[in-house]
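Please prepare a short briefing on the structure shown below, covering strand pairing, salt bridges and backbone angles.

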Amino acid sequence: MKQDMVDKKVQKAEQKAAKAAQQVQIVAQKAERAAQKKAAQAEKKVAKQTQAAEKKAAKQAQKAAKAAQKAELASRKAEEKRAKIAAKVAVSAAAEEETGEEGPPKKKGKKKLLLLLFPVLAIAIGVGVFFFLRRGGEPEEELPEPITAPAQYEVGGEMQVPALPVWGDVVVYGEEIVPEPVEGEDGEEAAAADSGDFTPMLYTYQELSNARTLVAAYTALMTSEDAGFFAVDDTMTKIDAPTFDGETPPTSGSVHLARNVPEGDVVQSLTLDWSEGSCTVAVELPEGRVKDPKPPSTSSDRTVTQVVESLRDLPPSVLGLEGDSMDDYRIYTQDGTAKVDGIPCLRMSVYKITENGGNEVAGHYFLSTDGLHVYKFDVATNTVVELDIQDALK
């Protein structure tokens with residue numbers, strides 16, 4: 001009897017083990033199928049992306065081919081026109097040699113030619129007067145021939161940076177920037193500083209679909225840590241990049257980007273001026289260095305000690321602390337200042353004085369250098385909350 005019970009237990013154990021092995025196999029099969037399905041989906045996604053990229057490249061190649069055909073057709077027409085003019089001039093010269101007279105031999109033809117010239121001359125004078133009056137008496141400036149949009153800007157030596165990314169029917173012009181002569185000490189004009197093989201350039205982009213968004217994206221790209229450019233003012237001092245968005249987005253603007261050249265006292269400079277549908281990019285290599293802004297001076301020449309004392313004069317309850325006086329706390333400040341809501345502040349750590357004379361962390365704060373704003377700093381969430389200290393200041 002005992003042997004039978006043992007055999008039955010062994011059989012049950014074997015059945016359980018077999019069932020468990022079967023379940024493991026089923027789970028493994030499911031996992032394998034899931035992995036295969038996921039791999040197939042990933043492969044399908046990559047195939048779609050590749051196909052989309054190929055279609056986009058094909059469209060761009062087709063546009064480029066059409067543009068080349070248009071340019072070739074325009075060149076051919078211009079050549080044919082020049083050939084026709086040359087032929088007419090040759091015929092006129094041959095006629096003069098045969099008759100020995102200037103112009104056509106018959107007076108009627110000459111009179112007719114003069115009659116035709118009068119309306120043409122009147123139209124030309126009218127157009128000239130219109131543009132003269134419209135431009136304030138100055139001749140209209142002619143833009144240079146369009147160029148292929150550059151993929152990179154040369155910024156000195158062999159160094160290059162990504163150019164403004166454009167595509168489609170955008171028209172691009174490029175021209176050299178002629179440096180203005182520098183007035184010497186004797187009042188005479190001196191030559192501008194020599195930048196070696198570098199040539200300052202001005203690129204003009206027209207027919208942009210959304211210049212504001214394009215310049216905003218380019219500014220974000222160039223001021224990233226990898227690119228290393230900074231938004232600067234006229235003195236090459238770092239400033240905050242302009243705001244391109246808001247309740248009323250701007251329709252035009254300017255941003256000056258610059259970064260220091262590793263060797264030499266010059267900076268790589270990109271100045272972007274944009275409006276609806278157009279943008280200019282000035283690529284230059286001026287002398288100077290990109291520098292940090294000076295620390296803001298404290299209001300009324302307040303010293304750090306005075307700022308700390310203004311925090312010590314507040315009741316502990318205003319700071320969310322216990323007790324009746326800040327004499328039970330020690331206050332430590334960190335070097336430098338930080339801006340909170342655009343206001344220069346000192347960071348302070350407050351410690352509770354324990355019974356044995358030690359320190360116990362009570363809170364972290366930012367106090368404005370004018371003593372009018374206190375922010376409680378939450379280290380865990382890296383957030384600040386402004387405290388109401390106006391009643392305590394009265």
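Is Asp245 buried or exposed? Asp245 is exposed, with a relative accessible area of 56%, where exposed means over 50%, buried under 20% and partly exposed in between, computed with a 1.4 Å probe on protein chains only. The model is a predicted one, in which local features need pLDDT of at least 70 and side-chain atom pairs count only at pLDDT 80 or more, while totals for chains, interfaces and linings use all residues. Residues are numbered from 1 along each chain as its sequence is written, and side-chain values use heavy atoms, with hydrogens and water left out. Helices (H or I, at least four residues) and strands (E, at least two) are DSSP runs numbered from the N terminus.

**Strand β9 and its partners**

- Strand β9, covering residues 267-275, is mostly covered, with 7 of its 9 residues buried.
- Strand β8 (residues 252-260) pairs with β9 in the antiparallel sense over 9 bridges, pairing being assigned if DSSP finds at least two bridges between two strands, and Asn260 stands opposite Val267 in β9.
- The hairpin of β8 and β9 has 6 residues between the strands, and Gly264 in this hairpin takes a positive phi near 105°.
- Strand β10 (residues 278-284) pairs with β9 in the antiparallel sense over 7 bridges, and here Leu270 stands opposite Val283 in β10.
- The hairpin of β9 and β10 has 2 residues between the strands, with Gly277 in the turn at a positive phi of about 90°.

**Salt bridges**

- A search of the whole structure finds 2 salt bridges, each defined as a side-chain nitrogen of Lys or Arg within 4 Å of a carboxyl oxygen of Asp or Glu.
- The side chains of Arg212 and Asp245 meet in a salt bridge at 2.9 Å, N to O; this pair links distant parts of the chain, with Arg212 in helix α3 (residues 211-222) and Asp245 in the loop between β7 (230-231) and β8, 33 residues apart.
- The side chains of Lys238 and Asp292 also meet in a salt bridge, at 2.8 Å, N to O; Lys238 lies in the loop between β7 and β8 and Asp292 in the loop between β10 and α4 (304-312), so the pair ties together parts that are 54 residues apart in sequence.
- Lys238 counts as partly exposed at 24% relative accessibility, whereas Asp292 is exposed at 55%.

- Asn382, in the loop between β15 (374-378) and β16 (383-387), has a positive phi of about 55° without being a glycine, and Asn382 is exposed, with a relative accessible area of 59%.
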